[in-house]
Amino acid sequence: MMDNKQLIEKFYRSFAAADAEGMVSCYADNIEFKDPAFGLLKGKDVKNMWRMLLKNPNIKVTVSDIKADDQTGSANWVAVYTFSRTGREVTNRVSAKFEFQDGKIIKHTDFFNLWKWAGQAMGVMGYLLGWTPLMQNKIRKQALTLLGKYDS
């Protein structure tokens with residue numbers, strides 16, 4: 001069995017290769033994921049989020065500063081991609097935290113600045129309103145609507 005640092009490395013190696021199945025194989029069935037765009041997701045929804053996001057991959061992922069012990073881990077990663085709704089290029093800098101159990105990731109939390117993301121992805125409107133709860137809730141609602149429509 002691989003150690004937890006190797007598990008995180010496999011997760012991001014799979015991400016960089018647009019291999020959603022490789023990514024989700026690192027997760028426990030009861031995975032909990034949270035980030036500013038989707039909010040809290042659990043189980044199948046987490047796995048389907050990555051499948052949906054990588055269905056039409058146009059993303060370059062780099063990872064750094066991977067750390068892990070028996071229970072927790074962390075990594076920093078950068079995704080560069082074109083936001084499909086606007087055609088605008090986004091560079092998203094993310095800090096990730098992980099919790100492990102029985103050789104799998106059971107909790108994954110990504111932290112990034114949703115205002116910066118909105119400004120890059122949506123242009124002036126995202127920059128002007130991306131910091132507001134109204135706009136952030138709209139972004140989350142749109143992300144969850146897309147996930148709800150996704151059929152793996």
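From the N terminus on, the elements of the protein follow the order α-α-β-β-α-β-β-β-β-α-α-α. That comes to 6 helices and 6 strands. Helices (H or I, at least four residues) and strands (E, at least two) are DSSP runs, numbered from the N terminus. The model is predicted: local features need pLDDT of at least 70, side-chain atom pairs count only at pLDDT 80 or more, and totals for chains, interfaces and linings use all residues. Residues are numbered from 1 along each chain as its sequence is written, and side-chain values use heavy atoms, with hydrogens and water left out.

Along the principal axes, the C-alpha atoms fill a box of roughly 50 × 30 × 25 Å. Of the 152 residues, 44% are buried (under 20% relative accessible area, 1.4 Å probe, protein chains only).

Helix α4 (residues 114-122) packs on helix α6 (residues 133-149) at an angle of about 70 degrees, with the axes 11 Å apart. Axes are lines fitted to C-alpha atoms over the stretch in contact, and angles run from 0 to 180 degrees between N-to-C directions. The two helices are therefore roughly perpendicular (65 to 115 degrees). Contact (heavy atoms within 4.5 Å) is made by Leu 114, Trp 115, Trp 117, Ala 118 and Met 122 of α4 and by Met 135, Gln 136 and Ile 139 of α6.

Key. Angles under 35 degrees count as roughly parallel, over 145 as roughly antiparallel, 65 to 115 as roughly perpendicular and the rest as oblique. Buried means under 20% relative accessible area, exposed over 50%, partly exposed in between (1.4 Å probe, protein chains only).
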